[in-house]
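This report describes the fold of one protein, from its overall dimensions to selected details. Please keep the sequence and the model in view while reading.

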Amino acid sequence: MHLLVIGGSDGGISAALRARELDPDVEVTVVLADAYPNFSICGIPYYVAGDVTDWRDLAHRNRVDIESLGIELLTDTTVRNLDTGAHRVSGTGPGGTEVVIRYDRLVVATGAVPTRPPIGGLDRLGSADGVHLLHTMADAHAVMDTLGRRDVSSAVVVGAGYIGVEMAEALTTRGITVSQWEVLPEVLPTLDPELGRLVAAELGAHGVRVETATRVTGIGRAGRMDARGGALAVRGTRTVSGEDVEERADLVLVVTGVVPDVALAAGAGIAVTAGGAIAVDRSMATSAPDVFAAGDCVVTHHVLVGETYLPLGTTAHKQGRVAGENALGGDRRFAGSLGTQVVKVFDVVAARTGLRDHEATAAGFRPRTTASAADDHKAYYPGARPVHVRTTGDEVTGRLLGVQMVGAIPTAVAKRIDTAATAIFCGLRVDQLGDLDLSYTPPLGSPWDVLQAAAHSWATPTGGAPRSP
Ligand SMILES: Cc1cc2nc3c(=O)[nH]c(=O)nc-3n(C[C@H](O)[C@H](O)[C@H](O)COP(=O)(O)OP(=O)(O)OC[C@H]3O[C@@H](n4cnc5c(N)ncnc54)[C@H](O)[C@@H]3O)c2cc1C
């Protein structure tokens, strides 16, 4: 049995590791287009910020770790053709060598590629000009090269999704003056704007100029540097007023999302969904015999809405593990995602799980969303801070559908969103959140946890979350 995995990041390596774990005799080969197997690209912002000083430390496992498990790694090898009938791939290896590999079972984990929004000039400018996309370790090296080579004192980050805000923080930490441009009305648009505003305030408090509701229309060389500084000119139009805006910067980072990388699979005739991702069932099987797929290249099965697309590292790991097991004949099912995510932005943490109100409506629920805020621990113990919560439940069944939160770092937002994710996953009603036996000690919590206070205010929207005894 030869298991071939195309892709050496979260999805692919997870598949290979699971196969190796289950069967020490199976031959496992991982082919990846770049030189960075099993790197945590999620850590790139912290390398750029300087929190992680050596990029090699971003590896979940290094090459030696992986090869010592008996997994063959073919780095710098790009698969260009897939023949599912002949069970064979071909491509280009280091130095342009031709590579042909046969397989018994295949896992496709080619991930995603960053979107290139229709911004004038973006196609003509690249990292040599200080204009960057950010998805791979090579992209991270290119950003660091610009930071080292040029005297970068200003940057524009185009996009205020979670990667955009992480990078705004990273560049600010390096002493760079950052502007963050976002076409939608608020930063972190995966949250309700009421919470996005808290994140925008945090960015502003740390000197990031937030330019929301502004569509970037062009990036160009600014010509002669002048007092305003910056060799690049970023131009945009405010979506409400129609006013044009322009800003100079030494570095421009375009981080506006990703699209699944399906060229190889689609070229081989493997079914792709209308949304453009590889179609897989819950076993991660594709439409082609003996071919499985996992990670950012596939559709995401969502616990509440069915098929969607939610490219996240946590999900890629889980899907890869399922794909690796089933490629060896297993019968594992991907249990489904809730799109649970958390992001640190300077001193606050923002998180969400499940659905927001409009997403729940689109999925056929009758949602109601309430806002609440409660201290993370008893106010008499020093350092208590509010956690802002938005809770979405179904009016018909009372089922908990989604929770969003923003709070300061010590308020354990990640722990609380994970509790909410567990509750949604298990199909709990909002009122059942209040029944959970959650931990309590005054320096860390309250008899009614933040989440339970939120549940109470959902159940009694007119007011009274019970007061702590
Ligand atoms: C800056 C940043 C921060 C992030 N932070 C988080 C976070 O905090 N939490 C979270 O859950 N997610 C985060 N993510 C998202 C997460 O990193 C991705 O969801 C995850 O990496 C997807 O893994 P993957 O294996 O599907 O694909 P990718 O990581 O995209 O890897 C694709 C792999 O396929 C290889 N490949 C592609 N085409 C070919 C080919 N034709 N031949 C050979 N090899 C090929 C590539 O070389 C690569 O090894 C972040 C992403 C970025 C960029």
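Helices (H or I, at least four residues) and strands (E, at least two) are DSSP runs, numbered from the N terminus. This is a predicted model, in which local features need pLDDT of at least 70 and side-chain atom pairs count only at pLDDT 80 or more, while totals for chains, interfaces and linings use all residues. Residues are numbered from 1 along each chain as its sequence is written.

**Overall form**

The protein contains 12 helices and 25 strands. Its C-alpha atoms fill a box of roughly 70 × 60 × 40 Å along the principal axes. The radius of gyration, taken over C-alpha atoms, can be compared with a globule rule of 2.2 Å times the number of residues to the power 0.38. For 469 residues a compact globule would have a value near 23 Å, and the protein agrees with this at 24 Å.

A residue is called buried if 20 or more other C-beta atoms lie within 10 Å of its own, exposed if 12 or fewer do, and partly exposed in between; the C-beta atoms are placed from the backbone. Buried residues make up 47% of the 469 residues. Two residues are in contact if their C-beta atoms, placed from the backbone, lie within 7 Å. Among contacts with a separation of 6 or more, 62% join residues 24 or more positions apart.

**Domains and ligand**

Domain bounds come from an automatic or database domain assignment. The protein is divided into domain 1 (2–39 + 55–112 + 258–327), domain 2 (127–254) and domain 3 (347–459). The centres of domain 1 and domain 2, taken over C-alpha atoms, are 33 Å apart. Five residues from domain 1 and five residues from domain 2 form the contact.

Of the 33 residues around the ligand, Gly-7, Ser-9, Gly-111, Gly-295 and Gly-313 come nearest. Helix 1 (10–22), helix 2 (44–49), strand 4 (78–83) and helix 8 (313–327) are the elements that give two or more residues to this shell.

**Two helices**

The expected span of a helix is 1.5 Å times one less than its number of residues. The table compares this value with the span from first to last C-alpha.

| Helix | Residues | Span | Expected span |
|---|---|---|---|
| Helix 8 | 15 residues | 21 Å | 21 Å |
| Helix 10 | 13 residues | 18 Å | 18 Å |

Just after helix 8, Gly-329 takes a positive phi of about 100 degrees.

The buried residues of helix 10 include Val-413, Arg-416 and Ile-417. Among the elements that cover the buried residues of helix 10 are strand 24 (386–394), strand 25 (400–408) and helix 12 (450–459).

Asn-38 is not a glycine, yet its phi is positive, at about 60 degrees. Asn-38 lies in the loop between strand 2 (27–31) and helix 2. With 24 other C-beta atoms within 10 Å, Asn-38 is buried.

Ala-213, also a residue other than glycine, has a positive phi near 50 degrees. Ala-213 lies in the loop between strand 12 (209–211) and strand 13 (214–221). Is Ala-213 buried, partly exposed or exposed? Ala-213 has 16 C-beta neighbours inside 10 Å and therefore counts as partly exposed.

Key:
Near = placed C-beta within 6 Å.
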